Amino acid sequence: MIISVTKPLSWQKNNWDLIISNHINARLAHAMILTGAAHIGKEIFATSLAHRLLCRSKETHVACGICKGCELNIAGNHPDFVVLRPNQEGKSIG
């Protein structure tokens with residue numbers, strides 16, 4: 001499966017800016033829980049954040065899409081990016 005480098009959605013800008021600011025200032029939490037209604041873009045936000053954190057460019061607000069980290073994400077081969085899903089909808093991850 002090929003995964004493209006993603007960007008957060010427009011309505012996520014305030015939350016994105018806060019998290020990226022914390023990252024830049026070395027104050028990013030070691031874990032986050034994203035909550036909200038269904039179909040509002042939580043998975044896109046999480047994927048965008050993971051891609052940004054694994055991007056080697058320090059000059060961009062989002063993943064650059066061209067560095068080695070981004071190339072690995074785009075190819076679906078980054079060793080530090082793993083998506084876990086339960087085997088059945090509504091079940092826990094075993």
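This is a dialogue on reading a few features of a predicted model.

Biologist: How many aromatic pairs are there, and how is such a pair described?

Modeller: A pair of aromatic rings is described by the distance of the centres and the angle of the planes. The count here comes to one aromatic pair. Trp 16 and Phe 45 form this pair, with 5.5 Å centre to centre and 85 degrees between the planes. Planes over 60 degrees apart count as edge-to-face, so the pair of Trp 16 and Phe 45 is edge-to-face.

Biologist: Which parts of the chain does the pair tie together?

Modeller: Trp 16 lies in helix α1, residues 13-24, and Phe 45 lies in helix α2, so the pair ties together parts that are 29 residues apart in sequence.

Biologist: Are Trp 16 and Phe 45 buried or exposed?

Modeller: In soluble globular proteins, nonpolar side chains tend to be buried together. In this model Trp 16 and Phe 45 are both buried. The largest nonpolar core has five residues: Trp 16, Ile 19, Ile 20, Phe 45 and Leu 49. Both α1 and α2 give two or more residues to this core, and α1 gives the most, with three residues.

Biologist: What is Trp 16 in contact with, leaving aside its neighbours within four places in sequence?

Modeller: Trp 16 is in contact with Phe 45 and Leu 49, and also with Pro 8, Ser 48, Arg 52, His 61 and Val 62.

Biologist: Which residues make a nonpolar surface patch?

Modeller: Val 82, Leu 84 and Ile 93 make a nonpolar patch of about 320 Å². Leu 84 is found in the segment after α3 and, at 62% relative accessibility, counts as exposed.

Biologist: Which residues have a positive phi although they are not glycines?

Modeller: Ala 26 has a phi of about 55 degrees, and His 39 has one of about 65 degrees. Ala 26 lies in the loop between α1 and α2, and His 39 has its place in that loop too. Ala 26 is exposed, with a relative accessible area of 71%, and His 39 counts as exposed at 84%.

Notes
Residues are numbered from 1 along each chain as its sequence is written. This is a predicted model: local features need pLDDT of at least 70, side-chain atom pairs count only at pLDDT 80 or more; totals for chains, interfaces and linings use all residues. Side-chain values use heavy atoms; hydrogens and water are left out. Rings of Phe, Tyr and Trp (its six-membered ring) pair if their centres lie within 6.5 Å; planes under 30 degrees apart count as stacked, over 60 as edge-to-face and the rest as tilted. Helices (H or I, at least four residues) and strands (E, at least two) are DSSP runs, numbered from the N terminus. Buried means under 20% relative accessible area, exposed over 50%, partly exposed in between (1.4 Å probe, protein chains only). Patches are made of residues with over 30% relative accessible area and no salt bridge: like charges are joined within 9 Å, nonpolar side chains (Val, Leu, Ile, Met, Phe, Trp, Tyr) within 5 Å. Accessible areas come from the Shrake-Rupley method with a 1.4 Å probe; for residues, only the protein chains shown count as cover. A salt bridge is a side-chain nitrogen of Lys or Arg within 4 Å of a carboxyl oxygen of Asp or Glu. A nonpolar core is a set of buried Ala, Val, Leu, Ile, Met, Phe, Trp, Tyr and Cys residues joined through side-chain atoms within 4.5 Å. Contact means heavy atoms within 4.5 Å.
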